[in-house]
Protein chains: 2
Amino acid sequence: MSVLIVGSTALDSIKTPNAEKPRLLGGSASHAAVAASYFAPVKLVGVVGDDFPAKYVKLYRKHRIDLAGLQIQPGKTFHWAGEYEVNMNNRKTLLTELGVFERFTPHLPDTYKQSPFALLANIAPALQHHVLDQMIRPKFIVADTMDLWLNIALDDLLRLLSRLDGFVLNDSEAHQLTQEDNLFAAMKKIHRMGPKYVIIKKGSHGSVLSGPKGHFLCPAYPLPKVLDPTGAGDSFVGGLMGYLSTARGGIDANIRRAMIYGSVVASFCCEGFGLNRTIRVKRADIEKRVEEMTQLTRF
Amino acid sequence: MSVLIVGSTALDSIKTPNAEKPRLLGGSASHAAVAASYFAPVKLVGVVGDDFPAKYVKLYRKHRIDLAGLQIQPGKTFHWAGEYEVNMNNRKTLLTELGVFERFTPHLPDTYKQSPFALLANIAPALQHHVLDQMIRPKFIVADTMDLWLNIALDDLLRLLSRLDGFVLNDSEAHQLTQEDNLFAAMKKIHRMGPKYVIIKKGSHGSVLSGPKGHFLCPAYPLPKVLDPTGAGDSFVGGLMGYLSTARGGIDANIRRAMIYGSVVASFCCEGFGLNRTIRVKRADIEKRVEEMTQLTRF
């Protein structure tokens with residue numbers, strides 16, 4: 001089954017202690033869509049400016065991503081620039097030019113409206129609502145978010161939570177949302193806000209699921225070197241939704257394995273700048289790391 | 001088979017945002033010994049002052065810990081006081097009174113010298129050396145450490161590493177020792193310093209093994225509430241060594257499961273102040289959480 005993915009489609013300029021890469025393809029929807037494309041047909045919803053490089057459209061197409069929902073508007077593509085510190089955990093934003101993203105209203109083509117799986121990747125909660133409003137009986141809806149929306153659009157976000165099946169956020173966001181330091185206590189509170197499935201991302205420490213079948217402790221695939229973690233969280237949730245949408249059986253039977261697949265795609269993401277490494281992955285590379293994950297966790 | 005455990009035997013005064021508990025039984029050897037006692041006979045090496053409460057000697061004995069190597073010296077027992085912040089991750093030391101610990105020289109009774117398993121719990125590396133010097137063909141030697149020894153006794157510690165089978169340290173210590181931010185890169189460097197087995201502890205994020213059979217990603221048992229994490233790392237390595245010393249088959253066949261057992265004992269440690277919860281555990285409670293760990297990681 002296909003996955004609808006809405007989120008940001010951007011150009012990322014990334015600086016690390018060893019390199020500087022300008023205007024890479026980035027944004028939550030780009031990372032999530034490419035990740036999901038290894039498992040399922042993807043329908044992308046987003047906006048770019050008329051400066052958006054043709055090579056990036058080609059790249060989406062190479063991954064058989066449906067672009068009927070990608071608007072090309074007069075003006076500049078959303079441009080983000082950031083710099084990582086040596087340990088690759090702390091980053092600071094150097095520049096945010098919203099461009100055409102500022103007035104973005106996602107419109108769903110008719111062919112998108114019945115997508116059974118919807119991933120509302122990181123984007124303003126009001127836009128996530130607007131996508132849901134246009135959908136017809138989606139089977140499984142998952143949203144991601146970021147600290148910015150907790151700060152400036154908390155009411156929208158809380159209202160969104162009651163419309164979701166699954167909610168994905170990172171540990172510091174979970175703390176901010178619930179005022180709980182303990183992740184397991186935080187997840188309990190988030191369930192009460194709506195979502196049946198809560199996943200907290202912990203970067204290189206992996207992720208944790210709380211769902212109807214209890215908790216699942218999902219490790220991150222061990223990497224001896226991280227080149228650029230930008231988009232790893234989006235790749236995780238994209239891979240997860242892509243896998244889930246094509247797996248036989250229900251959500252509960254597959255969500256753990258889906259997290260492992262997401263984690264593996266995220267590991268590839270970290271091994272290159274932007275999407276450079278992710279786009280060179282073969283399905284067999286993914287399967288190999290998933291098999292390794294079994295070895296890494298067996299006792 | 002029995003486990004020899006050397007380390008600190010102390011009184012801990014612990015303050016958290018919700019409570020204050022003076023003069024609890026603490027120290028690396030106390031936590032490790034009680035943890036190991038659930039699996040194997042333990043031979044303790046340490047020193048206490050003549051102020052050491054009789055109830056704590058009784059507590060050791062209740063756990064059938066051999067106290068032939070516990071010296072009682074005139075003077076005060078090592079006393080440490082610390083305070084935890086709300087999130088239970090950051091702590092500050094309020095007081096360190098070394099007392100009789102300052103001039104401690106560990107002497108091994110003859111009945112200890114052939115212990116096949118030795119855990120050199122956190123204590124000055126020179127004392128860890130001194131214990132090893134007295135041992136006769138130990139089968140498996142593991143040491144733990146702390147940042148203090150990296151700061152003031154690095155040469156002793158580096159010399160110790162070449163004498164160990166296994167080395168256990170936490171993530172910030174691994175960074176300090178190797179200057180590597182990446183744990184997997186750090187473990188590779190630590191192998192070159194001697195130990196065949198390197199385990200990095202990551203607190204509530206679990207631990208990672210690097211050994212001859214590759215990596216093992218060991219989760220922490222999920223706790224919705226942590227009362228006092230003091231001694232959790234010592235409980236982990238104590239439980240690990242206790243389990244290993246009685247498991248059938250070689251180290252490689254058992255070390256992963258041993259880490260899971262260590263992790264489970266550490267989880268009980270965190271649920272009470274000092275050793276209050278650990279000492280009330282039954283073997284069946286441990287087995288139940290180990291079984292849960294299987295459920296929590298299966299995919």
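Modeller: A crossover is called right-handed if, with the strands pointing away from the viewer, the path from the first strand over the helix to the second runs clockwise. The model under discussion is a predicted one.

Biologist: What average pLDDT does chain A have?

Modeller: In chain A, 100% of the residues score at least 70. For the model, ipTM is 0.93 and pTM is 0.95. The average pLDDT of chain A is 96.

Biologist: Which unit do β8(B), helix α3 of chain B and β9(B) make?

Modeller: Strand β8 of chain B covers residues 117-120, and strand β9 of chain B covers residues 140-144. These two strands run parallel and are joined by four bridges. Together with helix α3 (residues 125-134) of chain B, they make a right-handed β-α-β unit.

Biologist: Which residue of β8(B) is the bridge partner of Leu4(B)?

Modeller: Strand β1 (residues 3-6) of chain B is joined to β8(B) by four bridges, and the two run parallel. In β8(B), Phe117(B) and Leu119(B) point one way, Ala118(B) and Leu120(B) point the other way, and all are buried. The partner of Leu4(B) in that strand is Ala118(B).

Biologist: And in β9(B), what is the bridge partner of Leu120(B)?

Modeller: Leu120(B) is buried in strand β8 of chain B. Four bridges link β8(B) to β9(B). In β9(B), the partner of Leu120(B) is Ala143(B).

Biologist: Which elements give two or more residues to the lining of the second largest pocket?

Modeller: The lining includes Thr294(A), Thr297(A), Thr294(B) and Thr297(B), and among the others are Arg257(A), Phe299(A) and Phe299(B). By class, it has two nonpolar, four polar and three charged residues. The space in this pocket is about 200 Å³. The elements that give two or more residues are α10 (283-297) of chain A together with α10 (283-297) of chain B.

Biologist: Is Arg64(A) buried or exposed?

Modeller: Most residues other than glycine have a negative phi. Arg64(A), however, has a positive phi near 50°, and its place is the loop between α2 (54-62) and β5 (65-73) of chain A. Because its relative accessible area is 63% and the cut-off is over 50%, Arg64(A) counts as exposed.

Biologist: What is the relative accessible area of Arg23(B)?

Modeller: Arg23(B) is not a glycine, yet its phi is positive, at about 50°. This residue lies in strand β3 (residues 19-26) of chain B. Arg23(B) is partly exposed, with a relative accessible area of 37%.

Key:
Residues numbered from 1 in each chain as written. Chains lettered and ligands numbered in written order. Predicted model: local features only at pLDDT ≥ 70, side-chain atom pairs only at ≥ 80, totals over all residues. Heavy atoms only, no water. pLDDT = per-residue confidence, 0-100. Buried < 20%, exposed > 50% of the residue type's maximum accessible area, 1.4 Å probe, protein only. Pairing = 2+ DSSP bridges. 1 Å grid on protein atoms, 1.4 Å probe; cavity = no way out; pocket = protein on both sides within 12 Å on 5 of 7 lines; lining within 4 Å. Points joined across faces, edges and corners; volume = space filled by probe spheres on them. Nonpolar A, V, L, I, M, F, W, Y, C, P; charged D, E, K, R; others polar.
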